Each structure stands twice: as structure tokens, then as C-alpha cells.
Amino acid sequence: MFLIFRGEIFYFCNYMQFLYPAFLYGLLALAIPVIIHLFYFRRFKRVYFTNVKFLKEVKEETSARRKIRNLLVLLARLLAMALLILGFAQPFLPQDSVVKKGQKAVSVFIDNSFSMSSLSQDVPLIDKAKERAREIVAAYNVDDRFQVLTGDFESRHQRLVSKEDALVLIDEIKVSPSVKKLSQVLVRQKQALETRQEDEVMTSYLVSDFQKNITDLENFTDTTVAISLLPLQSVQEKNIAIDSCWFDSPVQMKNQTNPLIVKIKNYSQEDADNVRLALKLDGQIKPVGTMNIPAGREVTDTVNLTILRNGWHKAELTITDYPVQFDDSYYFAFKVAEQVNALVINGVAANKYLNAAFKGIETFNIINKTTQNLDYSSFPNFDLIVTNDLNALSSGLSFELTEYIKNGGNVLIFPAASANKNSYNTFFDGVPANQLGIYESIERRVSNLNTEEFVFKDVFENKGALFKLPVTQANFALSKFSSRGEEPLMIYRDGSSYLAKYRAGQGHLYLCASPLDQGINDLVKNGEVFVPMLYKMAISSAKYSKIAYVIGKDEVLDQPNQSTGAEMIYKIKGKDEEFIPEQKVVGSKVILGMNNQIKKAGFYDLYLNKENPLNVYGYNFDRRESELQYTNLEGLANMTQNNPAFSIVDSSNNANFAELIKERSTGIVLWRWCIILALIFLAIEVLLLRFWKVD
């Protein structure tokens with residue numbers, strides 16, 4: 001047996017460590033009984049013998065027995081004292097790493113996402129996780145401090161609390177839709193642990209099922225915190241989920257067929273047959289049909305919606321799937337505009353054919369203006385702006401049109417025959433779009449119409465039918481810069497563009513190479529092309545209106561500001577709750593922050609006045625939890641092998657788990673055995689003195 005002093009820790013037989021090694025100096029006291037033993041002289045007694053010839057034999061025998069007994073008593077006394085001193089030094093055998101003395105700051109993350117509602121034998125994983133968390137806390141001392149963290153990242157979980165308070169917080173944990181990457185969790189834990197006192201030792205625990213889509217531990221490289229991973233295993237479940245849906249067209253129209261694309265995914269390893277899909281639109285349930293989904297694959301289906309009224313519509317897609325059901329419903333909301341607003345900026349007089357075309361569409365509202373009486377602030381209220389026969393575009397108008405396009409507006413340009421090309425081209429450079437070239441007075445015929453692009457897509461039932469296309473008597477040659485991203489809509493016979501489309505920001509610019517003057521361009525006479533063209537341009541947008549949101553992901557929303565005073569406050573109301581979101585007015589918009597206040601899937605109305613909803617949001621649970629694929633022990637070991645701060649704890653042993661955690665935090669404690677053995681050797685000493693008579 002030997003002792004080595006390193007810093008504040010003694011190593012005993014190269015393995016044992018001591019929590020209070022200074023007590024080991026007490027081993028020097030073992031010299032006292034040795035000294036007493038060496039210098040202890042008994043007084044001689046007078047012994048009477050009947051025959052003195054046996055005196056020498058008795059004396060020698062008694063002396064030998066006395067020496068043996070005294071040596072045994074000395075040994076028992078030395079061992080008892082040594083073990084008593086070792087007990088005060090509190091020896092232990094460390095587990096995994098060197099155990100540090102002092103108070104502990106412990107962070108325990110309990111994964112409370114939807115996947116934790118799966119069963120582990122006979123109880124949900126969340127109950128098993130809470131039980132493990134309680135045992136972790138119980139394994140530490142009463143003066144240690146704890147953080148209890150969940151995927152909700154609640155403010156009350158961002159600080160260190162007492163042992164008693166930690167147990168209360170654990171009892172309050174419930175399954176939640178919030179999902180966080182484990183690297184994010186570790187950052188939060190480290191932030192809380194760094195608020196510890198200087199002498200407190202940092203320790204972190206992750207209690208989770210370690211789904212593959214959230215387990216990114218290889219991204220965490222910090223080694224200052226000891227991190228223990230406690231994987232929980234569930235019974236493998238089958239799951240089918242409605243992944244998402246979207247409209248084929250960016251704008252939904254009344255009394256028309258609006259194709260809705262639905263994506264459904266099979267997350268299990270078995271084929272799913274006859275999956276029933278149903279749609280509930282404005283309270284009316286409509287069976288859609290059944291689908292067969294191969295294992296591990298996704299399928300899309302089209303649901304045709306015919307909408308009979310304007311305004312907001314609430315819809316819910318549902319399937320029947322057991323046992324995982326949180327992703328069997330998908331909520332979405334959309335609005336059918338009561339009218340489409342168009343602004344025509346005329347150079348001289350309004351074009352009667354253009355007016356007639358707009359007024360022939362029931363939902364259109366047209367306003368004619370000249371450049372002298374424009375109100376730039378009203379531009380965001382229009383779905384389409386048409387410039388007709390303008391000789392020049394002023395710098396102010398060019399700037400406002402550019403901003404309007406980038407914010408989602410649509411602009412159609414018909415240049416004047418005498419147009420100032422420099423003013424137009426300056427505007428086109430800012431979009432960007434191809435420039436106006438030379439003006440040629442040559443008759444040209446349009447020969448091709450792009451029916452694959454949104455403006456003319458699904459307009460004509462028979463794409464091969466012969467119908468009259470525009471003929472022009474003069475036109476501008478358009479430049480052919482590939483970087484401008486031109487998409488031809490109508491093309492002359494020589495391959496040059498008659499009508500082109502350019503995307504900028506969230507909106508579009510449409511440029512016609514010929515003036516709209518009837519004497520130059522007979523487009524206005526081709527109603528089968530002209531009218532649907534104007535209609536589809538007005539409802540087109542590079543930005544699709546979002547019809548569904550994800551709880552926890554879409555935390556910031558923007559909305560046109562309709563508040564008329566500082567006292568007007570936006571509110572959001574769901575089925576069972578109502579709250580005031582964070583709100584900040586920026587220009588003509590108000591930015592709304594949800595701040596994790598939405599917890600349930602469903603519909604939420606935004607309003608200033610309850611009777612007049614300004615917007616309707618369909619919120620859904622995060623589909624990351626739908627994929628029930630877990631990282632096994634081997635995968636966790638491979639993922640964390642380069643970071644020594646990680647260790648994996650086997651949490652399957654129900655009987656000895658608490659003791660396992662205690663041994664990991666404090667090592668295998670030996671002081672109790674030292675005290676027991678010290679008492680045993682003291683008892684041996686008493687027995688030797690009491691019953692071994694040598695006189």
C-alpha cells in the first residue's frame with residue numbers, strides 16, 4: 001500500500017481517491033500505540049509454585065503467549081485507528097472520470113416532445129424520463145443546485161434552483177409540441193450552468209429518446225461540461241402523417257376550381273393501404289378518397305376546391321392513423337379576395353379597350369390616373385399597375401414602381417411609340433429587365449404563346465387549337481441579356497419577345513415590346529388572349545400566400561397595419577385561448593411576435609375588432625416528431641467519440657439506477673466500510689483482552 005499526493009487528491013493503490021485527503025495526516029498517530037507497546041513494562045507478580053523445577057517452563061510459555069496476544073491486540077488497534085482515519089478522509093473509487101469535491105451545479109434536460117408519448121413497455125416514455133430525472137436529482141446532496149430544462153425553453157427553466165424546487169419542476173412537465181435540436185439544448189444548459197458559483201462543479205444530463213432528426217451532438221465541441229446521455233427506448237411504432245399542403249395557384253378565386261396539392265408520408269417500414277383522406281371546409285366534411293403509400297415513401301394527391309364565397313375560409317385535412325395521432329390533422333386557412341384592384345397610369349387619355357377588358361371581369365376594380373395626380377402611397381393597395389402610353393418614367397415613379405414590384409406587386413408596361421428610352425431603360429436596370437432598343441415600323445406576327453407559364457397556363461382547354469394572336473405594325477427591339485432572367489410569354493416568328501416576364505423580389509414586371517395603341521397593336525381586339533392575360537397577371541405573384549404555419553417555427557408574422565390609433569392593440573384568439581402578441585409597426589406593416597404562446601394546433605384569428613378578423617392562421621404541430629427513428633447506443637458512441645465530455649449511461653436497470661448515478665457523481669463510497677471494519681477490529685481487540693488470559 002502506498003500514497004501519492006497530487007494537488008488535493010491522494011491516490012490509494014493507484015485507484016482509490018479521497019474526498020478530504022488532509023485527514024490522512026492522522027495516520028501519523030499510529031505511531032502512538034506502537035510506542036506504548038514497545039515501552040510498556042508490566043510489574044512482576046509473585047507466583048508460588050509447589051515445585052520450582054517447573055518455573056522456567058511456565059515462564060517461557062507465558063511470555064510467548066503474551067507476546068502473541070499483545071501483537072494481535074496492537075494489530076487490531078492499529079487497523080481500527082487507520083480505518084477510522086480513512087473513514088474521515090472519505091475514500092471512494094471514481095467512475096469514468098475523476099470525481100471533484102465541492103458543491104455541484106447540475107442541469108437535467110427532459111425531452112418532452114411528442115415522440116416521448118410513445119410507450120416503453122407499459123408506460124409512456126415521458127413518465128420514464130421524469131422518473132429518471134427524479135433519481136438523478138435524488139442522487140446529489142441537498143446543498144447542490146439544479147436546472148430542469150424541457151424543449152419549451154421556458155423562462156422559469158433558465159436558472160439554478162434547490163433540490164426541492166427541482167423535484168417540483170419535474171413533476172409539472174407535460175408533453176409539448178416544441179422540438180429543439182440537442183445542440184441547442186446543450187447551449188442552453190451551458191448558459192444556465194455558467195451562472196453557478198465559482199467553486200461549483202458543472203454536470204449535464206440529457207434524458208431523451210434521441211430521435212435522429214434532433215440528435216446533432218457532433219456539432220457540440222465544448223469540453224468544459226461533463227455531459228451524460230440517458231437514452232430511453234420505446235416500442236417501434238408505425239406512423240403516417242399529413243406532411244403539408246399548398247395551392248397550385250398563388251391566388252384562390254371564387255366560383256373556380258382551385259387545385260390543392262396534399263403530401264402524405266409513410267414513416268414506417270410497411271406499406272400503408274387504403275389510407276382515408278377527408279377535407280373539412282368551413283365546417284362541411286368532404287371525403288376525398290383513399291391512398292396507398294409505400295413504406296418509407298411519400299405521395300401527393302390533388303384535391304379540387306370550388307369556392308362559392310369571398311372572404312376567409314378555414315379548412316382541415318384529416319387521416320385515420322393509430323397510435324401516433326398528433327400529425328393526422330393539418331389546418332390551413334386562405335382568403336378569397338372580394339375584388340382585384342388595378343391602377344392604369346395613362347400618358348394622355350384612358351384606353352377604352354383596356355377599360356372594357358377590366359370591367360368585363362366581375363371581380364375587377366379599375367382606376368385610371370395620369371402621372372400628374374398619382375398618390376404613390378396607394379400603390380400597395382393595387383394588385384396590378386399598368387402604364388399605358390407614357391412618354392417617360394420619372395425618377396420618382398421609377399423608384400416607387402421598383403419598390404412596389406419587389407414587395408409583391410405586378411406591373412405591366414406598354415411604352416409609348418415616342419418613349420424616352422433612357423428613362424425606361426434606367427427603370428429596367430433597377431428591376432432588372434431587358435432594355436428597349438430601336439423602334440422599328442415593321443409588321444410582325446406573334447406565332448407562339450407560352451402555355452406552360454402561369455399567365456396562360458390552364459387558360460385554353462385545347463392548347464393546340466388555332467386562335468388569333470396579336471399582329472403589330474411597329475415594336476421596340478428588346479435586348480437579350482441572359483442575366484435579366486427573361487421569361488417569354490408571347491414570341492414573334494423571328495424568335496424575339498413580344499411579351500416578356502421578369503421576376504424581381506416578390507413580384508413581377510411584364511413588358512410588351514409594342515405600344516397598346518390600336519393602330520399599332522391589335523392585342524386589344526384579341527379578347528380570348530387579352531382578357532385572361534390581364535386577369536392572370538393581376539392575380540400572379542412570386543410570393544405564395546402562406547396558408548399554414550408550424551408551432552414553434554413561425555414565431556414572427558407580418559400584417560398590413562390597419563390600426564387607426566396608438567390605443568388599438570392587435571389580439572389573437574384560438575379555440576380555447578386568447579393573447580396579445582408582441583407587435584411592432586414598421587412602415588405600412590405591423591410585425592407580430594408569437595413568442596411561443598401558441599401550444600395547440602388549430603385556427604387562430606387576428607383582430608382589432610372581434611367581429612372583423614384581419615387574418616386567420618392555421619397552426620400545426622412540427623412534423624419533425626413524425627419520423628420515429630432513433631439513434632441507438634452505437635450511433636451515440638460514434639457521434640460523441642471525439643468529445644471526452646460525453647458519456648453514455650445505461651438507464652435500463654430500474655433497480656440500481658439511482659445508485660449508479662450516485663456512484664458517477666461521488667464515486668463508490670468506501671467510508672462506511674471503513675467505519676464498519678474499524679468497529680470490527682475494536683471488537684476483536686476487546687475480545688482478545690477479555691478472553692485471552694495469559695497470567
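This briefing covers model confidence, nonpolar cores, salt bridges, backbone features and a surface patch.

The structure is a predicted model, and the mean pLDDT of the protein chain is 83, with 87% of its residues reaching 70 or more. The largest nonpolar core has 39 residues, and another core, of 29 residues, lies apart from it. The count of salt bridges comes to 18.

**Confidence along the chain**

- Confidence is lowest in strand 1 (residues 3–6), where the mean is 38, and highest in strand 24 (residues 471–472), where it is 96.
- Over residues 1–14 the pLDDT stays under 50, and for this stretch the model has 29 contacts beyond four places in sequence.

**Nonpolar cores**

- Within the core of 39 residues, those with the most contacts inside it are Phe358, Leu412, Phe456, Met490, Leu499, Met533 and Met537, and helix 9 gives the most to this core, with eight residues.
- The separate core of 29 residues includes Ile385, Leu397, Phe428 and Ala433.
- Leaving aside neighbours within four places in sequence, Leu499 is in contact with Leu412, Pro488, Leu489, Met490, Leu511, Cys512, Met533 and Met537.
- Val529 is placed in helix 9 (residues 527–539) and is buried, with a relative accessible area of 0%.
- Beyond its neighbours within four places in sequence, Val529 has contacts that include Leu449, Phe456, Phe460, Phe467 and Met490, while its C-alpha atom is separated by 8.7 Å from that of Pro470, 59 residues apart along the chain.

**Salt bridges**

- Glu172 and Arg156 meet through their side chains in a salt bridge of 2.6 Å, N to O; Glu172 lies in the loop between helix 4 (163–171) and helix 5 (182–193) and Arg156 in the loop between strand 8 (145–149) and helix 4, so the pair ties together parts that are 16 residues apart in sequence.
- Glu172 is partly exposed at 38% relative accessibility, and Arg156 is partly exposed at 35%.
- Lys263 forms a salt bridge with Glu298, the closest N and O atoms being 3.6 Å apart, and this pair links distant parts of the chain, with Lys263 in strand 12 (residues 257–266) and Glu298 in strand 15 (residues 298–306), 35 residues apart.
- Lys263 counts as buried at 19% relative accessibility, whereas Glu298 counts as partly exposed at 41%.
- Arg444 and Asp494 meet in a salt bridge of 3.5 Å, N to O; because Arg444 lies in strand 23 (residues 444–449) and Asp494 in the loop between strand 26 (487–492) and strand 27 (497–504), the pair ties together parts that are 50 residues apart in sequence.
- Arg444 counts as buried at 18% relative accessibility.

**Backbone features**

- Most residues other than glycine have a negative phi, and most peptide bonds are trans.
- Phe210 has a positive phi, near 55 degrees, and lies in the loop between strand 9 (201–208) and strand 10 (226–231), where it is buried with a relative accessible area of 0%.
- Asn274 also has a positive phi near 55 degrees, but it lies in strand 13 (residues 272–281) and is exposed, with a relative accessible area of 55%.
- A cis peptide bond, with omega about 0 degrees, joins Val431 and Pro432, and Pro432 lies in the loop between helix 8 (421–430) and strand 22 (436–440).

**Surface patch**

- Trp673, Ile676, Leu677, Ile680 and Ile684 form a nonpolar patch on the surface, and together they have about 460 Å² of accessible area.
- Trp673 is placed in helix 12 (residues 671–691) and is exposed, with a relative accessible area of 56%.

Terms used: Residues are numbered from 1 along each chain as its sequence is written. This is a predicted model: local features need pLDDT of at least 70, side-chain atom pairs count only at pLDDT 80 or more; totals for chains, interfaces and linings use all residues. Side-chain values use heavy atoms; hydrogens and water are left out. Patches are made of residues with over 30% relative accessible area and no salt bridge: like charges are joined within 9 Å, nonpolar side chains (Val, Leu, Ile, Met, Phe, Trp, Tyr) within 5 Å. Accessible areas come from the Shrake-Rupley method with a 1.4 Å probe; for residues, only the protein chains shown count as cover. A salt bridge is a side-chain nitrogen of Lys or Arg within 4 Å of a carboxyl oxygen of Asp or Glu. Helices (H or I, at least four residues) and strands (E, at least two) are DSSP runs, numbered from the N terminus. Buried means under 20% relative accessible area, exposed over 50%, partly exposed in between (1.4 Å probe, protein chains only). Contact means heavy atoms within 4.5 Å. pLDDT is the predictor's confidence in each residue, from 0 to 100. A nonpolar core is a set of buried Ala, Val, Leu, Ile, Met, Phe, Trp, Tyr and Cys residues joined through side-chain atoms within 4.5 Å.
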